[in-house]
Amino acid sequence: MEKQPRLLASQLLLKNSLFEVSLNRVLLTWKEIATKKKRVSGGIHHPFKVGTSHGVSVSEILAVRELDVDSETKDDGRWQKMPQKSTEAYPYAFTVSYVERAWQHRWRCSDVTFHCLEGALCQQWVQTIREQLTALTSRPKHLLVYINPYGGKQQGERIYEQKVAPLFTLASISTHVIVTEHANHARDHLRTEAELKKYDGVVCVGGDGMFSEMVHGLVSRTQRDNGVDQNSPEEKLVPCTLRIGIIPAGSTDCICYATVGINDPVTSALHIIVGDAQPMDVCSVHHNNTFLRYSVSLLGYGFYGDVLADSERKRWMGPARYDFSGFKTFLTHHYYEGTVSFLPATDILGTPRDKTRCRAGSRCFICQHNGQLYSEDAPEICETDTDVSDSEYKGGWRVIRGKFLAINAASMSCACPRSPKGLSPAAHLADGTTDLILVRKCSRFNFLRHLLRHTSKYDQFDMNFVEVHRVRRFRFTPRYCQSDSELDLRENGKRLFSQICRDHPACSCSPAYSSWNCDGEILPHAAIEVGVHCQLIKLFARGIEEQPVFEDLPNPCVV
């Protein structure tokens, strides 16, 4: 890397010791000046080792402010950070707030205060650092914030006011806050009323459902403004220009966990402040040339669809409903017969079973390479033949018929605290593909082995009844689908015998249809067509950083 010229360098006082402080366009560094007699403040821990250079990237400096030393050191009964003699010799000070990394991808805001001999020098430091921060054009200045007061443990407003808003104020970010009053409030507001040109990004305070609302509102608005027909599966969608931020405050925060590495509001707020940008793929779901929904994480048919459908009838149980419904669905062990057609992603780097993880930010070479290969023209749609074999190729598409316990499409790892690796550990956020996981009919014991693999370090696809494919498009048609006259699943569920089977799982008759779980929402149809739109949205996120880079160091800001 080319060495950057110094913008400013001075000897400043820090923690009662003299430091050589230097600033260039990339780094702010400070190194203690060795003296013959090392003065030690009685009993006060000194966090900086003599001779060691410490620093922080300019891009991760949150703010700088000049301090009133007299008000800081006056006798008010609090512990004094600086001895009175030192503040008399260095009567001017400024504080730099910056990002500091902690364990398990957690970020926090830390401060370092430098004391100067002269007021003019102090002001010069403050002004120079602010000029460098102003030059960071990727940072947001104005944000539109939606808060879901009902999601999770109903702590959205408290989390924002106590943990997030002070950080935005520190970074001089202005916000327009809207507390949602009903379901799809944020989606509808983004679609129609929001003056998006006034903002540098939109932020949701809530869970995955709130984030899905934001995606639908922003993507739909972008397509409408550009004259794109969302009902056409072959349309190439226009990428959104505004970035989306997520402050986790829901029952499930899978999106946040898979893109940042932790469900922590402060960490997410700091990613927003520094202006990170993580592109993400979005899947569009259609039925008979009619748009249904967008998906950014998981599309699940069979097991995960049944879990969601059952849990929706038990919302009174709170978050415990997912565990109860999951156990119940596992015991029923329903399988579903149908045809899966998919277009494999060819000439790409990476496979669903390799050890390559999606690296932080734009440095993921797989996302870069595969994104460039993303075709502008939609591939030819395969017409399913009733006489095809269990596995057959048709015009570049592969067709598989069988009985499945689960059909899952993971556009990201889908990692969460319970499953740190996720459903597809090697899935990438922005490579224009989704990992299609087919779990064929098997015994309960084998299916339990498959589920347990999600929490282990073993290859979860190394089972003869599980197969995984990296695809650009796929279709699913149930075995008993009535083609163009397919009934709505809700009406179908009212049929007498099907309802009896659902209410009494001991019955040996398996229902004809399951439900699709689309990012936590139930789709109204079982026969769907799915296409991946490469890097359609951008998040205020960096991706999951490599842990060894900073976790092995005693002080993460040591250069």
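Leaving aside neighbours within four places in sequence, which residues is I537 in contact with? They are F211, V215, V219, C240, Q278, P279, M280, V282 and V296, where contact means heavy atoms within 4.5 Å. This is a predicted model: local features need pLDDT of at least 70, side-chain atom pairs count only at pLDDT 80 or more, and totals for chains, interfaces and linings use all residues. Residues are numbered from 1 along each chain as its sequence is written, and side-chain values use heavy atoms, with hydrogens and water left out.

**Nonpolar cores**
- The largest nonpolar core has 63 residues. Such a core is a set of buried Ala, Val, Leu, Ile, Met, Phe, Trp, Tyr and Cys residues joined through side-chain atoms within 4.5 Å. Buried means under 20% relative accessible area (1.4 Å probe, protein chains only).
- Y146, F211 and I537 touch the most other members.
- Helix α6 (residues 208-225) gives the most, with six residues. Helices are DSSP runs of H or I, at least four residues, and strands are runs of E, at least two, numbered from the N terminus.
- Another core, of 25 residues, lies apart from it and includes Y336 and L436.

**Helix α5**
- H185, A186, H189 and L190 are buried in α5 (residues 185-193).
- These residues sit on the same side of α5, because they cover an arc of only 125° around the axis, taken from the directions from the helix axis to the C-beta atoms.
- Their cover includes β8 (142-147) and α6.

**Cysteines**
- The disulfide count is zero, with a disulfide being a pair of cysteine sulfur atoms within 2.5 Å.
- For C204, the nearest cysteine sulfur is that of C256, 8.9 Å away.

Key
Buried means under 20% relative accessible area, exposed over 50%, partly exposed in between (1.4 Å probe, protein chains only).
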